[in-house]
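Please look over the sequence and the structure shown here before reading on.

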Amino acid sequence: MAQRGTTIERHIFERQRATSSATGELSGLLQQIATASKIINSKVNQAGLADALGVTGEVNVQGEEVQKLDEFANSILIRCVEAGGHLCCMASEEVEELITIPDRFTTGKYVLMFDPLDGSTNIDVNISIGTIFSVHKRMTTGRNGTVADCLQRGTEQVAAGYVIYGSSTMFVYSTGEGVHGFTLDPSVGEYFLSHPNIQTPKHGKTYSVNDANCSKWVDPLQAYVNRLRSPQADGSLRSARYVGTLVADFHRTLLKGGIFMYPGEKKKPEGKLRLLYEASPMAFLAERAGGAASDGKRRILEIVPDKLHQRTPLFIGSAEDVADAVRSLG
Ligand code: P6P
């Protein structure tokens, strides 16, 4: 059993040692992602001082203005993992096409998909932002992976996690056995185990949704959120929290319970969040922490993707609260 004071490297290695089939490749990849996050964290912390704030003037595949830190985080992540020999390809929120591994590097059996800097519109106002990642085993053979290797059900993930650059920087991940949180000690540049085996309460009093969108919701959803706004059976009130960064809203929900939702809308039923590198990794973590994640009808992890950047509605958090939402929308 990992003790507090355990570094993330030791924790990853201990999980590898406990997995008889492990070759060390996944461990190597996770450690490279952790290294990338430390570099990103350093830049995020100094953003206001280093002229790293603001936009680059470009627009990404999502049609969103690319923030300078988005671009920086994307390139750091790619550079930290592409040479490691563990990946056959990658996909990033910031890059329309599949990212292949340069010929000068060897390739490996994993696929990495990521949102390098989630919540980037919050960067300039010093609100928490994050990095989200999802790891699958490739299905194809040959040197280079293909889009088909990315379009797998979330149930097939071998690892998922996120980094939240907030009042402290935390790395939260799972390889399937529990969800574990590590807090960065910037004085030594190490992540130390601070939240072993995170469990999400079965019910929580907090609901999290962008209320400004309510006129765009279908009637059952409006009725459901109206119910959340009203006193509960025992007369107690829920609390509403909305940061506007998925990583921050999810992290609070993972630890404290309740529900976060980014629903579809009448004219945009697919919603805003992306399946492969936002909803699916968060759903993997939610379920391994005893919670749940749905698109309002189906388990997020059961959705078979057909496009790299496809979007999905997301209801995620406490098992009872997600089940209540799905019943209300049914
Ligand atoms: P809205 C950030 O831009 C993001 O992609 C997620 O991190 C966040 O949950 C969502 O969009 C916020 O969207 O429309 O409420 O600003």
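## Basis of the model

This is a predicted model, in which local features need pLDDT of at least 70 and side-chain atom pairs count only at pLDDT 80 or more, while totals for chains, interfaces and linings use all residues. Residues are numbered from 1 along each chain as its sequence is written, and side-chain values use heavy atoms, with hydrogens and water left out.

## Overall form

The protein has eight helices and 15 strands, where helices (H or I, at least four residues) and strands (E, at least two) are DSSP runs numbered from the N terminus. For 330 residues a compact globule would have a radius of gyration near 20 Å, and the 19 Å of the protein agrees with this; the radius is taken over C-alpha atoms, and the globule rule is 2.2 Å times the number of residues to the power 0.38. Along the principal axes, the C-alpha atoms fill a box of roughly 60 × 45 × 45 Å.

Of the 330 residues, 54% count as buried, meaning under 20% relative accessible area with a 1.4 Å probe and protein chains only. Among contacts (heavy atoms within 4.5 Å) between residues at least 6 apart in sequence, 63% join residues at least 24 apart.

## Helix H6

Helix H6, residues 246–256, is largely enclosed by the rest of the structure, because nine of its eleven residues are buried. Among these buried residues are Leu246, Asp249, His251 and Arg252. Just after H6, Gly257 takes a positive phi of about 90°.

Key. Buried means under 20% relative accessible area, exposed over 50%, partly exposed in between (1.4 Å probe, protein chains only).
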